[in-house]
Protein chains: 2
Amino acid sequence: MAVTLADVARRAGTSTAVVSYVMNDGPRPVAAATRERVLAAAAELGYRPNRIARALRARVSGVVGLVLADASNPYFAALARHIEQALESHGKLTLLGNAGFDPERQRQLAERFLDAQVDGLAVVSSDGGLDVATRAAAAGVPAVYVHHRPDRARTPLVAADNEASVHAAVEHLRWHGHRRIAFLTGPDDVGPVGERRRAWQEAVAPHEREPRLLRCDFSRAAAAALVQRLAAEDMLPRAVIVATDEQAIGVLSGASAAGLAVPDRLAVISCDGAPESAYTAPSLTVVAQPLEAMARYAVDLLFDRAAPPPALHAPLIPRRSCGCVVPAAGPPG
Amino acid sequence: MAVTLADVARRAGTSTAVVSYVMNDGPRPVAAATRERVLAAAAELGYRPNRIARALRARVSGVVGLVLADASNPYFAALARHIEQALESHGKLTLLGNAGFDPERQRQLAERFLDAQVDGLAVVSSDGGLDVATRAAAAGVPAVYVHHRPDRARTPLVAADNEASVHAAVEHLRWHGHRRIAFLTGPDDVGPVGERRRAWQEAVAPHEREPRLLRCDFSRAAAAALVQRLAAEDMLPRAVIVATDEQAIGVLSGASAAGLAVPDRLAVISCDGAPESAYTAPSLTVVAQPLEAMARYAVDLLFDRAAPPPALHAPLIPRRSCGCVVPAAGPPG
DNA sequence: CTGAAAGCGCTTACAG
DNA sequence: CTGAAAGCGCTTACAG
């Protein structure tokens with residue numbers, strides 16, 4: 001059916017070895033005239049190399065597995081896009097799997113990717129994830145965690161400097177005149193979100209006797225419901241740092257539904273800073289995770305065996321939800 | 001290095017054929033005792049089948065290519081998630097490629113996927129896309145377009161009934177008392193967005209002498225800027241149907257920045273209805289594309305060679321941006 | 001610089 | 001029910 005290397009060799013009157021050398025520009029040299037004949041034959045026949053056959057023999061599939069803790073989360077989704085793009089610039093195809101926050105599915109995906117002979121494995125994990133990368137190491141496949149690394153895993157991690165970014169957020173709200181700065185996070189303090197929570201605690205402890213810590217599930221719905229409840233009870237803080245975009249968007253949604261003005265009645269800063277956060281109403285002030293840099297470092301780590309980078313800087317991007325006056329709806333950056 | 005079928009056969013004292021029959025439950029029967037020995041040997045050695053080798057021999061890779069017109073668009077991203085999930089339930093892995101609205105990249109991705117011997121190709125195209133699926137057909141690989149099919153392509157398409165859904169949106173705004181209903185769409189009228197625009201025209205033509213058609217790029221930034229400009233010129237309509245979520249979110253963002261109340265001053269209905277639309281401020285009334293059904297039909301089409309489905313129903317989901325009073329921030333449905 | 005041949009790890013007729 | 005062997009389409013020593 002399909003045209004094979006052997007067909008091209010026959011047509012060009014040469015061996016399959018030579019055709020392979022021409023197609024791959026090596027590893028042996030080929031005479032210019034022979035090369036021309038091979039190229040012509042390949043073009044005439046419409047030859048397309050079978051990557052599966054190549055993968056089996058050369059032990060390089062050209063494919064990398066990307067395991068996502070949850071694809072519905074815009075922050076993870078944005079990270080995934082950047083990783084896919086970084087992989088493409090390394091000539092790799094991306095096998096994508098969405099675990100939907102299910103650790104067992106995360107593990108299964110990683111194993112199926114390994115069975116598919118991926119050249120590397122990138123895992124965008126959230127807390128609660130199993131250590132899937134260690135099995136990759138056992139199979140001799142390079143792996144990297146992005147955003148979060150499960151306990152006891154030794155695979156390299158690429159992540160931002162959560163401590164510095166939360167400190168910047170606290171300072172910024174204080175500059176706006178807020179003396180009490182609450183923090184909204186998820187049910188527990190694992191992983192990056194835990195670091196953010198601890199950084200907040202550290203930053204407010206010298207100034208506030210009873211820092212206000214709020215918790216709800218990591219979802220828009222939960223955060224919206226929480227804000228509406230607190231509004232009804234007149235228990236809302238005046239300024240809050242929110243651990244994740246998902247919750248921050250929920251906060252804005254709940255505030256809108258409760259008729260609460262942001263930032264006048266409630267100032268908000270979020271800690272993910274996915275592109276979506278620029279077009280909320282009002283636009284969300286964030287400390288933006290450096291998604292592109294994270295993706296690039298992760299992929300470099302996979303293939304250039306570079307050293308793990310230091311924690312990456314997450315810049316504060318002032319928009320309207322903190323009280324800054326900025327041109328609305330500009331480019332997200 | 002890795003354990004192979006031959007290793008298992010040796011350990012179990014049988015042939016590779018039998019091991020293969022056991023691993024795949026066929027196609028030949030195996031005596032129960034033999035099967036036990038094989039299973040035990042495989043477990044002891046930690047055997048994991050090499051999918052690449054299987055793919056080469058059996059001509060089935062277990063992988064499907066998914067070409068996305070643009071992954072940054074939450075509507076396309078949501079569609080991609082559902083397709084990935086539908087593929088997983090068919091036991092297929094997903095090779096994901098993001099064309100970033102570049103037709104040439106879309107073509108390249110499709111070809112690389114075909115070279116990788118995918119078992120099928122799903123293309124979530126936008127207007128301007130080249131016909132990449134026809135090349136799949138030439139290679140004997142089943143393909144399907146989702147959302148939009150380029151001109152002259154003969155590959156099956158799975159899409160929603162845009163006409164009916166826009167008619168429902170017009171009726172709904174009329175029910176809210178609006179007599180003039182504007183429409184905001186992109187620079188031209190190709191594909192599904194073109195159908196939506198024509199359906200609007202049809203629906204308002206009998207009632208409005210000069211229906212108001214607005215255009216801007218398919219981005220949040222462009223729609224936000226347009227709304228702010230119109231607000232400054234006091235040229236804003238009172239009710240608008242927006243062709244895409246991206247633009248609708250931009251409209252809300254621009255309205256917020258201009259201090260314009262939605263829905264009181266401007267009622268909005270959007271036509272994609274990705275999950276994100278439920279948590280805008282205010283929550284967005286949408287005619288929701290049936291993403292899950294679209295994904296399921298598309299995947300069934302690929303593997304069960306089912307007949308192309310009729311245009312799918314897109315239900316109107318009343319939220320707050322049209323003027324309805326609904327519990328805010330409920331589940332997105 | 002080129003060709004004949006082995007081999008990647010499987011599946012699958014074929015023969016028994 | 002089982003085994004010996006061919007072959008999927010490539011790459012890569014090896015010999016010339």
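## Aromatic pairs

Over all chains, this predicted model holds six aromatic pairs. A pair of aromatic rings is described by the distance of the centres and the angle of the planes. One of the pairs joins A:Phe76 and A:Phe101: the ring centres are 6.4 Å apart and the planes stand at 65 degrees, so the pair is edge-to-face. The cut-off for that class is over 60 degrees.

A:Phe76 belongs to helix H5 (residues 74-89) of chain A. A:Phe101 sits in the loop between strand E2 (93-98) and helix H6 (103-115) of chain A. The pair therefore ties together parts that are 25 residues apart in sequence. A:Phe76 is buried, at 4% relative accessibility, whereas A:Phe101 is partly exposed, with a relative accessible area of 45%. Ring pairs also bring in A:Tyr75, which forms a cluster with A:Phe76 and A:Phe101.

A second pair is made by A:Phe183 and A:Trp200. Their ring centres lie 5.4 Å apart and their planes are at 20 degrees, so this pair is stacked. The limit for stacking is under 30 degrees. A:Phe183 is part of strand E6 (residues 182-185) of chain A, and A:Trp200 is part of helix H9 (residues 191-204) of chain A. The pair thus links parts that are 17 residues apart in sequence. A:Phe183 is buried at 0% relative accessible area. A:Trp200 is buried too, also at 0%.

Strand E3 (residues 120-124) of chain A has five of its five residues buried, so the strand is largely enclosed by the rest of the structure. Its side chains take two directions. A:Gly120, A:Ala122 and A:Val124 point one way from E3(A), while A:Leu121 and A:Val123 point the other way. Residues of both groups are buried.

Strands of a sheet pair through backbone hydrogen bonds, either parallel or antiparallel. E3(A) runs parallel to strand E1 (residues 63-68) of chain A, and five bridges join the two. Within this pairing, A:Val64 stands opposite A:Gly120. E3(A) also pairs in the parallel sense with strand E4 (residues 143-146) of chain A, over four bridges. Here A:Val123 has A:Tyr145 of E4(A) as its bridge partner.

## The six-strand sheets

Chain A holds an open sheet of six strands in the order E7-E6-E8-E9-E10-E11, with mixed pairing. Strand E7 (213-215) and strand E11 (316-317) of chain A are the edge strands, each pairing on one side only. Inside the sheet, strand E9 (residues 267-270) and strand E10 (residues 285-287) of chain A run parallel and are joined by two bridges. A:Ser270 has A:Val286 of E10(A) as its bridge partner. Helix H8 (residues 162-175) of chain A packs on this sheet and touches strand E8 (239-242), E9, E10 and E11 of chain A. The direction of H8 makes about 165 degrees with that of E8(A).

Chain B has an open sheet of six strands in the order E7-E6-E8-E9-E10-E11, again with mixed pairing. Strand E7 (213-215) and strand E11 (316-317) of chain B have a single partner strand each, so one side of each is left without a neighbour in the sheet. Strand E6 (residues 182-185) and strand E8 (residues 239-242) of chain B pair in the parallel sense over three bridges. B:Phe183 has B:Ile241 of E8(B) as its bridge partner. Helix H8 (residues 162-175) of chain B lies across E8, E9, E10 and E11 of chain B, at about 165 degrees to E8(B).

| Strand pair | Bridges |
|---|---|
| E1 and E3 of chain A | five bridges |
| E3 and E4 of chain A | four bridges |
| E9 and E10 of chain A | two bridges |
| E6 and E8 of chain B | three bridges |

## An annotated domain

UniProt, in an unreviewed entry, places the feature "domain: HTH lacI-type" at residues 3-58 of chain A. Over residues 3-58, chain A is 70% helix and 0% strand. The end C-alpha atoms of this stretch are 20 Å apart.

## How the two chains are arranged

Chain A is superposed on chain B by a rotation of 180 degrees with 0.0 Å of shift along its axis, at an RMSD of 0.1 Å. The two copies are thus related as by a two-fold rotation axis. In chain A, the C-alpha nearest the axis belongs to A:Leu95, 2.2 Å from it. Of the interface residues of chain A, 100% are also interface residues in chain B, so the copies meet through the same surface.

Definitions and conventions:
Residues numbered from 1 in each chain as written. Chains lettered and ligands numbered in written order. Predicted model: local features only at pLDDT ≥ 70, side-chain atom pairs only at ≥ 80, totals over all residues. Heavy atoms only, no water. Least-squares fit on C-alpha atoms with pLDDT ≥ 70 in both. Contact = heavy atoms within 4.5 Å. Phe/Tyr/Trp six-rings, centres within 6.5 Å; stacked < 30°, edge-to-face > 60°. Buried < 20%, exposed > 50% of the residue type's maximum accessible area, 1.4 Å probe, protein only. Pairing = 2+ DSSP bridges. UniProt positions renumbered as here; feature names shortened; annotations may be inferred. Axes fitted to C-alpha atoms, helices over the stretch in contact; angles between N-to-C directions.
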